[in-house]
Amino acid sequence: MRTGTLITGGAGFIGCELSRRLSPDDGPVVAVDSLLPQVHPARTRPDALPEHVELIVADVRDRRFWDAFFAACRPRQIVHLAAETGTGQSLTQSARHSSVNVTGTAEMLDAMSRVGHRPDHVLLASSRAVYGEGAWRGSDGAVFYPGRRSHRRLAAGRWSFDGPDGAPAAPLPHEAASVHPHPSSIYGATKLAQEHLLATWASARSVPLSILRFQNVYGPGQSPFNPHTGIVTLFHQQAHAGEAIEVYEDGQIGRDFVFIDDAVAACRAALAAPPTALRTLDVGSGTATTILDAARIIAGAHGAPDPRISGRFRDADIRWAVSDAAPAADQLGIRATIGFAEGSRRVSEWLLRRGLP
């Protein structure tokens, strides 16, 4: 039975919103999700998952599940969202992140190979984490890759990078065609491994593959219970409680916050126009927001005290991550439409409606 859409991790933040916005022409939607307690404490079907979506609670690492699934269903398109996503957490739970993100992807691919299924299109939700610190430009104009920031470097308060001449360097936007991946975290390494696995399998079987490298996706619906993701939601909770938001390093960590509606719009556009082979694009607003500026906006909305720069840091975190939004605009016809201040306001309203602190 060749029909519809499979969304792995479909009960998650992006999966729920995407399934709500898929066209009826895409056919039935099946969501496969383990309902991880870290994200779904009650382990029940999320209210945000549309009623028309069939939810199957299963672990993507379960070979027997995949064999049974593909014996009964041959989805026309697959959106692979299932992943462990905690950057810092991946340092202490590397086996869990590796097994879900890498082995889980491989088990799905092997099961399709065993039954000879070739979907019309696969979309992988990858991450800006594959770039690590990315590429930087020195004062002399030369581009270089600074590598990882070691624990010793961070402990000494050396947050940013200098060029070969010792002068301060500037980060370059993430752009798949020109910036080479160089993960700084175990999470990032597993997402890059996902890309390689899917690209190799899809190429060998002539299956079109879209890889979307998402920047920091946020918005209403993001789990307020998961301490390892969703910094915008966590900041709102702290500010609403009247706390001074703690900001790490010197506050000048740069991020590209992309609102959930814009992230889903990119997924829908990619699904509506599959590539002929492999397509890799960055999905973000293209606008840099420092963590300190984000904290100030959120604190101001709640009348909370000014954010507090603590100088603390998180191993494996990166200094600057902002996308070049032009390629996605050119190839998919989409651009981010919701700025951080407006998106942050919508998160606040959603949290207050839920009665959360």
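## The second largest pocket

The lining of the second largest pocket comprises 13 nonpolar, six polar and seven charged residues. In this classification Ala, Val, Leu, Ile, Met, Phe, Trp, Tyr, Cys and Pro are nonpolar, Asp, Glu, Lys and Arg are charged, and the others, Gly among them, are polar. The lining has 26 residues, and P46, A48, G221, W350 and R354 lie nearest the centre of the pocket. Two or more lining residues are given by each of the elements α1 (13-21), α8 (260-272) and α11 (340-354). The largest share, four residues, comes from α1. Helices (H or I, at least four residues) and strands (E, at least two) are DSSP runs numbered from the N terminus.

The space in this pocket amounts to about 620 Å³. A pocket is an open set of points on a 1 Å grid over the protein atoms alone, where a 1.4 Å probe fits, with protein on both sides within 12 Å along at least five of seven lines; lining residues have an atom within 4 Å of a point. Grid points are joined across faces, edges and corners, and the volume is the space filled by probe spheres set on the points.

## Basis of the model

The model is predicted: local features need pLDDT of at least 70 and side-chain atom pairs count only at pLDDT 80 or more, while totals for chains, interfaces and linings use all residues. Residues are numbered from 1 along each chain as its sequence is written, and side-chain values use heavy atoms, with hydrogens and water left out.

Seven of the seven residues of strand β5 (residues 121-127) are buried, so the strand is largely enclosed by the rest of the structure. Buried means under 20% relative accessible area (1.4 Å probe, protein chains only). H121, L123, A125 and S127 point one way from β5, whereas V122, L124 and S126 point the other way.

Strand β4 (residues 77-80) pairs with β5 in the parallel sense over four bridges, and V79 has L123 as its bridge partner. Strand β9 (residues 209-214) also pairs with β5 in the parallel sense, over six bridges; here L124 is partnered by I211. Pairing requires at least two DSSP bridges between two strands.

## Residue E133

E133 is found in the loop between β5 and β6 (136-137) and is buried, with a relative accessible area of 3%. Leaving aside residues up to four places away in sequence, E133 touches several residues, including P146, R149, F161, H182, D317 and W320; contact means heavy atoms within 4.5 Å. A polar atom of the E133 side chain lies 3.1 Å from the backbone nitrogen of R319.

Notes. Buried means under 20% relative accessible area, exposed over 50%, partly exposed in between (1.4 Å probe, protein chains only). A polar contact is a pair of N or O atoms within 3.5 Å; within protein, one must be able to donate a hydrogen and the other to accept it, and residues adjacent in sequence count only if both atoms are side-chain atoms.
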